[in-house]
Amino acid sequence: MASLACTFRPLVRSHTQIRSTICARCCRSFHQLSGLQAGHNKWSKIKHEKAANDAKKTQARTRFSDNISLYSKLYGPDPSQNPQLATAIATARKAGMPKDRIEKAIARGQGKSSEGVVLESMTFEAMRPPAIAIIVDVETDSKLRVLQDLKQILKLGKATQSASKFFFTRAGRVVFEKSDQDVDVDTVMDDAIEAGAEDLETDEDGNIVIWTSPTNTTQMCHAVGNKFGLKVLSSGIVWSSNKDTEVQLDPEPWLPELVDMLAALRDYPDVQAVYANLSKGTVPDEIWARIDENLDR
């Protein structure tokens, strides 16, 4: 019985990259593209833009989460009795923040996990050559798990767990939103000092910044914020790097490792803040922006 299988003989056109084969029985031709890579650069660009958009979304969700936790801590976890919390939740929902993350942020403001487990605070210290000091503030229901995970992140960035607090000064900081009622630093100064303020200033956006002892931030929010009707933008303990120990960044081959490590630390669910004794130096603006966006100051 004659075979019905088609016999193919290759036909290659030298002036193109298209290879054709012709069926000897039915005289149909089949084409195959060889080594076609058009679109590779386009895909690289898409991946880069997607990564940038994902980073912005993560930052936004972190900001929403911080605000919800703050208002839950200051004024209580019930949105019906806490207008500031209700507004923060509504804003987060409008931006697409998942319900479980909102509930987790409310619980964290009460010092608990979403399952009701009491959270423990922890300060994680690390060093990375040449002399980069890192402090990570954590709230967690499992210190052992966090320690293991953070050590792995540091390992990828060529950093190790090591004492670094002496590179920083610990202080309490409360930031009140700029008022449209002509309430400024001079207006609140007497009440702030009486409540324990150690220094007052205005930031570049016109917000009122009050520095106090680490244990006095909540009292400052109530004493000044409630009296003058000021919205609290942030309140907590910060680690300010000592200027004489800061590392000025210059273009170095290990900068991508540093960027990835800081981003991984900032994205870790139990991490509340990341500090480092870094200043810009001569590093390109784009790289510095990626570093700075993952640090708290």
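**Close-up 1. Asp182 in the loop between β7 and α5 of the predicted model.** Asp182 is placed in the loop that joins β7 (168-176) to α5 (185-194). The phi of Asp182 is near 60°, a positive value in a residue other than glycine. Most residues other than glycine have a negative phi. Because the relative accessibility of Asp182 is 72%, and exposed means over 50%, Asp182 counts as exposed.

**Close-up 2. Lys158 in the loop between α4 and β6.** Lys158 lies between α4 (143-156) and β6 (160-161), within the loop that separates these elements. Its backbone has a phi near 65°, which is again a positive value in a residue that is not glycine. Lys158 has a relative accessibility of 49% and therefore counts as partly exposed, since the exposed class begins over 50%.

**Close-up 3. The cis peptide bond between Pro129 and Pro130.** The bond leading from Pro129 to Pro130 is cis, and its omega is near 10°. Most peptide bonds, by contrast, are trans. Pro130 is found in the loop between β4 (120-128) and β5 (132-140).

**Close-up 4. The hairpin of β8 and β9.** Strand β8 (residues 199-202) and strand β9 (residues 208-212) run antiparallel and are joined by four bridges. Five residues lie between the two strands. In the turn, Gly206 has a positive phi of about 90°.

Methods. Residues are numbered from 1 along each chain as its sequence is written. This is a predicted model: local features need pLDDT of at least 70, side-chain atom pairs count only at pLDDT 80 or more; totals for chains, interfaces and linings use all residues. Side-chain values use heavy atoms; hydrogens and water are left out. Buried means under 20% relative accessible area, exposed over 50%, partly exposed in between (1.4 Å probe, protein chains only). Two strands pair if DSSP finds at least two bridges between them.
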